[in-house]
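I opened my notebook for this one with a few plain things to look up. Here is the model, and my entries follow below it.

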Amino acid sequence: MDPIDTSLVDWSRAQFALTAMYHWLFVPLTLGLGVIMAIMETLYVRTGREFWKQTARFWMKLFGINFAMGVATGIILEFEFGTNWSNYSWFVGDIFGAPLAIEGILAFFMESTFIAVMYFGWNKVSKRAHLASTWLTIIGATISAWWILVANAWMQHPVGMEFNPDTVRNEMVDFAAVAFSPVAVVKFCHTVASSWVQGSVFVVGVSCWYLLRRQHREFAHASIKVAAWFGLVAALITAHTGHQSGRDIALYQPMKLAAAEGLYEGGTSQGLVLGGLLRPGADWASPSEESKFLFHVECPYALSLLATHKPDGYVPGIRNLLEGGYPLPDGSTALPAEEKMARGRRAIAALAEYRKAKDEAAKAAALTTLRENFDYFGYGYLNSPAELVPNVPLTFYGFRIMVMLGGYFLLLFAGLLVLGQRIEKQKLIQWAVVLTIPLAWLASQAGWVVAEVGRQPWAIQGLLPNVAAISRLEVGSVQTTFFIFLVLFTLLLVAELSIMGKAIAAGPETDTPTA
Amino acid sequence: MNDISLLQHYWWFLVSLLGALLVFLMFVQGGQSLIWTLGRTEEQRRMLLLATGRKWELTFTTLVTFGGAFFASFPLFYSTSFGGAYWVWVLILLCFVLQAVSYEFQLRNGNVLGTTTYRMFLMLNGILGPLLIGTAVGTFFTGAEFVVDKAAVASPSMPVISHWVNPLHGLEAAFVPQNLLLGISVLLLTRVLACLYFLNSIGDEPLRRNCRRRLGMECGFFLLFFLTWLLRWLCSAGFACEPESGLIYLETCKYLHNLQTMPAVMALLVVGVLLVLGGMAGGLRGWRRGIWPAGAGSVLVVLALLLCAGWNNTAYYPSLASLQSSLTIANSSSSLFTLRTMTYVSFIIPFVLAYIVWAWRALDRTPITPEETNEGH
């Protein structure tokens, strides 16, 4: 049988990454803008002011334009688990399928039912029923985020399952461990809060655009006030959960942390790299005479503190992770990658023996070997330790972009709240806020680059590498669909941006006197 | 019937019910395929799109949930079919992507491609969506060309457990007349349901007249294609499964035997067909509520057909390349633990249905008028 073509793995990854990145252009705005418009409609229902109704309706219009694209890209993403990652779908489908089905039953129907009432029901249901529909739309979207992030968190830190050699797959044994894994909780809070930040940046950016053009000033000030408060709270939550997420990565995905920090040689009392330039072309899987950095600035002890909660804690670097021999938090000593791969191969061979065994004794012996080595099962599919090293530059720079922009957004919202109405005269700040809009997208994309590139080569951490997770297709088929999706998504993105631009230019109807 | 077998049957029922609801809700697609046929003026076309535009997300969500529920309950199908019949599923997805943006973008300023292009997209989705889904579901009865070998996981160089034998990756299903008959039947049914839905939800008399006129022709063609498919299906051999050994073998008139063995399913089919016929007849005579019996009938018919595909020791996804690779609800399901957990979640479905009914009634209480098309949102 021909071995797997590695270019098929690369193209399958590229297609999934393309779809996920396009999808993530739209989802955060849905989550963030959704809450803001719901707050505005709540103000309308509480105060009875038509101004708030028109304000909410304007943001709803932009929400709808964006929502459609999120739906369009989302359906492809869900089905790509089957079309391009079919082996994954069997190997862990027993666990991974459940969150997707629950997402459909609990969240998608809520979203799709109430969004229709939200858009078409202004004159058909009562004010309160309409407000409830708006909130239920965004609650549905947020519940949807919960379940898909549960699924993603499980891939980063698989829990609550056991391998069944008879069915040759992993099976769920503890639903609560999967659904309420601490990694999932942190991931959800971090991702949703950062989406709220993104929605807030969008609202303050568009509002500042109106101030620059001296249009819709009351609307702009009111929107800035709501969004800046909401954004400030969201940015604080994002920062806090980001820190917790860092701790999770240190515990469960140390290679990702090493890549994000550009840490080749680990040790105790490690500093956090605040900024720097990696040496272009550096080989991160092998030692070298030269430093892996051209230059960098560190905050002493900060990485040890982040990873271990102790200033002198030990943080392994890429070399340590490949060579092993360093102390683990439980007191044992880390194995070298070669040994993990050998154990993985033993586990896979034991599975083959188990499947072929004719008598119970041989089955039992194979099963014992399989269980003893199962923790390293996924390593058995790898050919070299170097495959365990993710793309360091992408992860390193992605991490810095995300963190620095996160800090900037925090200051931005605080500044806007301090300025209040005085922003009217601050043209430079208004321009800065407008130009911040694309930075919010850059930050969220960078965050996902860190999360997903940093965990390579794993589809499921330690259990299943990408090479063993794919569908057996011709490379040409995946290349063709990659370019079809690329052209289609790009075309639709251009259309969306154009429609969004026109809708913003047209502005809200708040200045028109209404009854 | 032991615990896991009971849950496998329960989940096959739920997946079949979702599939049946999807076929009913594809009246949205049927409506899209008739935009230019029924809508003679721009105002009429807007009314048609407003009527389906309030419901498209429900259809879309049902499709996504159908996929998710299949993944959770029968992951081997998800893995084998989606990863193998690649081109069929990609085409289905692409035409649904086009739908997702077209309703929102078609009348917006700055939509780059122009209103007509988005409406063409909607028509494409309206024709290809039901046709492809119907053709793909046809393979539940006629089989597909795949091989499953779970032992492959223990082969480090090629650990993929299933692969497609035909290089067309699913498109070959369109060359099987029985599959195509089902695909065309589903398309025509969605158009029948669309006409009935418009009669119920649109208040404009000239447009309603167009719908009634069109309904007759669509009903005629639908009955011709569907009854041909149904007769061939009843007489066709099916893929049976020996419950003890799991051995798959070909059985003559398997689906007819399934109906005889499961009289309740046969009753569903008969009642469903009668309701569809009643709804059509009512619609042709100008009755506004024909969509309800015809819709309920469609759900019952599709439910009965899908139950025949999976229940009574039947291989619901037969393999033509390797008979013993065929998928049954027993060999392709999730574990007992997962099925049981998902069953608790499924108890929420009545609440979901309740709020969908509330929203539907709230929005469709009064028929759509030409004035409403100018309100926007």
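**Entry 1: the contact between the chains.** I began with who touches whom, keeping in mind that this is a predicted model. The contact draws 71 residues from chain A and 64 residues from chain B. I then asked which elements of chain B each supply at least two residues to its side of the contact. My list for chain B reads helix 5 (56-73), helix 6 (75-84), helix 7 (86-105), strand 2 (162-164), helix 14 (336-346) and helix 15 (349-364). Helix 5 of chain B gives the largest share of that side, with 11 residues. I also sorted the residues of chain B that touch chain A by kind: 40 are nonpolar, 18 polar and six charged.

**Entry 2: chain B as a whole.** Next I looked at the fold of chain B. I noted 15 helices and six strands in its secondary structure. Along the principal axes, the C-alpha atoms of chain B fill a box of roughly 65 × 45 × 40 Å. How does the radius of gyration of chain B sit against that of a compact globule? For 377 residues, such a globule would have a value near 21 Å, and chain B has 21 Å, so the two agree. Of the 377 residues of chain B, 58% count as buried. I also checked the contacts in chain B between residues at least 6 apart in sequence, and 75% of them join residues at least 24 apart.

**Entry 3: B:S16.** B:S16 has its place in helix 1 (residues 3-25) of chain B. Is B:S16 buried or exposed? I put B:S16 down as buried, because it has 22 C-beta neighbours inside 10 Å and the cut-off is 20 or more. Leaving out residues up to four places away in sequence, B:S16 touches B:L303, B:L306 and B:L307. I also took the spacing to B:W164: from B:S16 it is 148 residues in sequence and 24 Å in space, C-alpha to C-alpha.

**Entry 4: A:V434.** Then I moved over to chain A. I found A:V434 in helix 15 (residues 427-453) of chain A. I logged A:V434 as partly exposed, because 18 other C-beta atoms lie within 10 Å. What does A:V434 touch, not counting residues up to four places away in sequence? My note lists A:G205, A:C208, A:W209 and A:L212. Last, I looked up the pair A:V434 and A:R247, which are 187 residues apart in sequence and 34 Å apart in space, C-alpha to C-alpha.

Definitions and conventions. Residues numbered from 1 in each chain as written. Chains lettered and ligands numbered in written order. Predicted model: local features only at pLDDT ≥ 70, side-chain atom pairs only at ≥ 80, totals over all residues. Contact = placed C-beta atoms within 7 Å. Helix = DSSP H or I, 4+ residues; strand = E, 2+ residues; numbered from the N terminus. Nonpolar A, V, L, I, M, F, W, Y, C, P; charged D, E, K, R; others polar. Buried ≥ 20, exposed ≤ 12 C-beta atoms within 10 Å, placed from the backbone. Rg over C-alpha atoms; globule rule 2.2 N^0.38 Å.
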